[in-house]
Amino acid sequence: MMVQARSLPKSAKPHARNPPLAATKSLDFSAWVSDNLFKIVAVLLLAATVAALFFLRNAGDTAALLCFQKQAQELERIAYPRVDWSAVAPIADKASKFANFRSEKWIVVSVERYPTDALRRLVKTKGWQLLALGGSQTPSDWTLKGAIFLSLEEQASLGFRVVDYLPYESYVRKSVGYLFAIQHGAKKIFDADDRGEVIDDDLGKHFDVELVGEGARQEVLLQYSHDNPNRTVVNPYVHFGQRSVWPRGLPLEKVGEIGHEEFYTQVFGGKQFIQQGISNGLPDVDSVFYFTRKSGLEAFDVRFDEHSPKVALPQGVMVPVNSFNTMYHSPAFWALMLPVSVSTMASDVLRGYWGQRLLWEVGGYVVVYPPTVHRYDRIEAYPFSEEKDLHVNVGRLIDYLVLWRSDKHRLFDKILDLSFAMAEEGFWTEKDVKLTAAWLQDLLAVGYQQPRLMSLELGRPRANIGHGDMKEFVPQKLPSVHLGVEETGMVNYEIANLIQVEENFRECCAYHALQWAGGTNSPRMEVALWEDIQICSYFVRKEECRSCCRGGSFGLCVQVPAQDF
């Protein structure tokens, strides 16, 4: 018994050797992990990043995705361009067949197809030279008697620095045309497109073509009041009789402000270096307006009051400015640069706000004019996604620009300073900072002289507006057909109920909504007002509004038919 009892432990000895073997294997695995720790961490981080991006995009949490992307962008430092303005060498036109041509008045357009009827009329505008810029989609045999046409190859041969930053198929190639016109004697440039017909074929009848000397209109202009320091942008269409229409580039949260001015002030004319015209027919409207204000496929034919007086904007108040019905005088030629890192539908609008802010530095201002052109609605839709840079950033951009200050002592330094600051804030990218540096150097190279800086009124106490300084003007209420309802005397009630916007409007909602709607094949949108919603976003389902905007307080909801969800 004792022998057997002792033999039991002996039989277990082979099994007692297993723990050392297991320990050896554990040590081998630990050593492998130690040797490959960097690779393991890298793979895990990559997998986590892919999973996070996939989740954010599919969950529709655009706000979080934008935050993620913004943090990633902050890791990339933007280089501030260093430019010696005195070392810029002149660029002379020695290659083109128009080297010796000179004109003080230019009309600049971009073209993608053969000349339109509107362009055939525009080229006949007395005293003005038409310049057409081609792109990659322009027919190679494009020609129009009386016009100067620059193909892609001819543009490249001019030697301008900006050419390196311009896309081949976009209207922003007009930047080359502006430089060409300045190089060939331009003092005024009418920024146009190939679908607008100048009313009565006379630009001088509508715009202030001459600001100084013989032919200049020495007059006092109506001006929006600066009495409210919190108002930084206005809808000029209200002044010209269309309160239910808003221009592309107006922040969506301002759409509901349809009341006319209590009073205006006045300003002496002569420094309206940027002149924005109003378009009859199809005015400059955004896709939100275009897709929600139609009862069918009929073309827009909106008319504005031609008898309303032109109106100026004081420092601190802005207005959307476009690239197809705008007059620029030489002191504002630097403001013609079209940014390239934003969507095409946002490029000219961002340029307009950027230019207005800098225009105050030289004592200039923008004036909006009664109808100057008629544009026909081709009923051609463009994707909502093309406007994402507008609806996400434009309200914040305006507020930023009004508060922006620079301690630079020359205009071009201030321009470069602002472009850099806007890139740091995410309004555009470093590409537009480099474009700005190239653009300013090209301006100097073609003989442009920097305007002198003037005293900035912003930030200083302004004189009180006395009763004698107040000027009254009550705009007409012109009829329009929107949503199949002809507006007569109920505009205030109907439009105020249709579009209401509060301070807590969340811009991420608009971006998310437009991005979502852009995925559809332009279905007809139907406006639905929910009783339990005060202010809503655009082009999103009710549930998406609630999850995206804060506080459950929204506005106008636009819903795609259920079968499209």
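The second largest cavity has a volume of about 60 Å³. A cavity here is a set of points on a 1 Å grid over the protein atoms alone where a 1.4 Å probe fits but cannot get out, and a volume is the space filled by probe spheres set on the points, with grid points joined across faces, edges and corners. This is a predicted model, in which local features need pLDDT of at least 70 and side-chain atom pairs count only at pLDDT 80 or more, while totals for chains, interfaces and linings use all residues. Residues are numbered from 1 along each chain as its sequence is written, and side-chain values use heavy atoms, with hydrogens and water left out.

The lining divides into 3 nonpolar, 7 polar and 3 charged residues. In this scheme Ala, Val, Leu, Ile, Met, Phe, Trp, Tyr, Cys and Pro count as nonpolar, Asp, Glu, Lys and Arg as charged, and the others, Gly among them, as polar.

The count comes to 5 cavities of 30 Å³ or more. The largest cavity holds about 90 Å³ of space, and its lining includes Pro236, Tyr237, Gln276, Gly277 and Asp284. Two or more lining residues come from each of α10 (236–239) and β8 (274–281), with β8 giving the most, 4 residues. By class, the lining of the largest cavity has 6 nonpolar, 4 polar and 1 charged residues.

From here we can turn to a pocket, an open set of points with protein on both sides within 12 Å along at least five of seven lines. The second largest pocket contains about 1,100 Å³ of space. It is lined by 41 residues, and Tyr171, Asp193, Arg195, Met345 and Arg375 are the closest to its centre. β1 (105–111), α11 (287–292) and α12 (344–359) each supply at least two lining residues, and α12 gives the most, with 4. The classes in this lining are 18 nonpolar, 7 polar and 16 charged residues.

Helix α12 also leads us to a helix pair. It packs against α14 (residues 411–424) at an angle of about 140°, with the axes 11 Å apart; axes are lines fitted to C-alpha atoms over the stretch in contact, and angles run from 0 to 180 degrees between N-to-C directions. That angle makes α12 oblique to α14, since angles under 35 degrees count as roughly parallel, over 145 as roughly antiparallel, 65 to 115 as roughly perpendicular and the rest as oblique. Contact, meaning heavy atoms within 4.5 Å, involves Trp354, Arg357 and Leu358 of α12, and residues of α14 including Leu411, Ile415 and Leu418. By class, this contact has 6 nonpolar, 1 polar and 2 charged residues.

Finally, the axes of α13 (residues 388–403) and α14 come within 12 Å and cross at roughly 140°, so α13 and α14 are oblique to each other. Here Leu397, Tyr400 and Leu401 in α13 meet Leu418, Ala421 and Met422 in α14. This contact has 6 nonpolar, no polar and no charged residues.

Note on methods: 1 Å grid on protein atoms, 1.4 Å probe; cavity = no way out; pocket = protein on both sides within 12 Å on 5 of 7 lines; lining within 4 Å.
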